[in-house]
Amino acid sequence: MTDPALPGRVVVTGATGKLGRAVVAHLRSLGVDVLAVDRLGGRDPRDVDGEFLLVDLTDYGQVVEAFTGGADEHAGGVEAVVHLAAIPAPGLMSNAATFANNSAATYNVFAAARAAGVKRVVWASSETVLGLPFDTPPPYAPVDEEYAPRPESTYSLNKALEEEMARHFCRWDPELVMVGLRFSNVMDVEDYTPFPSFDADPQSRRWNLWGYIDARDGAQAVERALAYDRPGADVFIIASADTVMNRSSASLMAEVYPGVEIRKDLGEHETLLSIDKARRVLGYEPRHSWRDHVDQA
């Protein structure tokens, strides 16, 4: 039975990605009717479990059809959209291609949701807007949502613009709820094997303050965001409760960023990507750690 706080039918874009797969499986396990959407070159959508539709999100018409039931054999009645699709990181394509794809796809998703009368949109923003790779030290730690975005790549610039775009869509429609989740580096269980080796060089993972997010906890964050019903646009950092390191968080900051203000007493391995706001407002609480899957001896 579906949680009454959750929408009954949801479109998830980027459904075949690492986070997308976890989100689709999690929402379906909760009884949510999910239309999974992605662009898979040459792949037959019948090979994908559950309801699936191939959509080029840079084509506005295709997005509208997906959201309104205009595609044959797919129902309308979409109540919420989870937008995860994107070229997922800087440096995978040229800057211009990354910006052209990601900006068009996100605008089309936001605009098509508005045209379809959808009032809840959750989308993947990014930890990169916090200033990654922190070649310029963070203003303080743990970093949080209280300082303005500091994009340092074209990919991150687009994410910062998405957050601004969401604020204006909500200004145009005072009933609209838009939640941007600034996901940290998404990991599956099989990705945890090399984690113990990171301790040999703390510089190797300083680029995101040694953060990560288990894909299952990312899916939980999406669930919590879909249940959030306060109109307007808001953003939340979503990370695991711990770092990728066995060394203490305080010692890492002291060695790598000795001049940065530490604004709280840090737990032994406490994340330096603050999830306090997500805990307080969304009720998000990470349930998974790499330490449960890897021998740290």
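These legends describe close-up views of a predicted model.

**View 1. The open sheet has seven strands.**
Its order is S3-S2-S1-S4-S5-S7-S10. Pairing is parallel. Strands S3 (52-54) and S10 (232-238) stand at the edges. Each has a single partner strand, so one side of each lacks a neighbour in the sheet. From one strand to the next, the twist averages 20 degrees.

**View 2. Strand S4 pairs with S1 and with S5.**
Strand S1 covers residues 9-13, and its pairing with S4 is parallel, over four bridges. Within S4, Val82 is the bridge partner of Val12. Strand S5 (residues 120-124) also runs parallel to S4, joined to it by four bridges. Two residue pairs mark this S4–S5 pairing. His83 has Trp123 of S5 as its bridge partner. Ala80 has Arg120 of S5 as its bridge partner.

**View 3. Side chains of S4 point two ways from the strand.**
S4 spans residues 80-83. Which residues point one way, and which the other? Ala80 and Val82 point one way, while Val81 and His83 point the other way. All are buried. Among them, Val82 is bridged to Val12, and His83 to Trp123.

**View 4. Helix H3 packs on the sheet.**
H3 touches S1, S4, S5 and strand S7 (177-183). The direction of H3 makes about 175 degrees with that of S4.

**View 5. Helices H2 and H3 pack against each other.**
H2 spans residues 60-68, and H3 spans residues 95-115. What angle do they make? It is about 45 degrees, with the axes 9 Å apart. That angle makes H2 oblique to H3. The crossing is right-handed. From H2, the contact is made by Tyr60, Val63, Val64 and Phe67. From H3 come Asn108, Val109, Ala111, Ala112, Ala113 and Ala115. How many contact residues are nonpolar, polar and charged? Nine are nonpolar, one is polar and none is charged.

Key
Residues numbered from 1 in each chain as written. Predicted model: local features only at pLDDT ≥ 70, side-chain atom pairs only at ≥ 80, totals over all residues. Heavy atoms only, no water. Axes fitted to C-alpha atoms, helices over the stretch in contact; angles between N-to-C directions. Parallel < 35°, antiparallel > 145°, perpendicular 65-115°, else oblique. Left-handed = near helix turned anticlockwise from the far one by under 90°. Contact = heavy atoms within 4.5 Å. Nonpolar A, V, L, I, M, F, W, Y, C, P; charged D, E, K, R; others polar. Buried < 20%, exposed > 50% of the residue type's maximum accessible area, 1.4 Å probe, protein only. Pairing = 2+ DSSP bridges.
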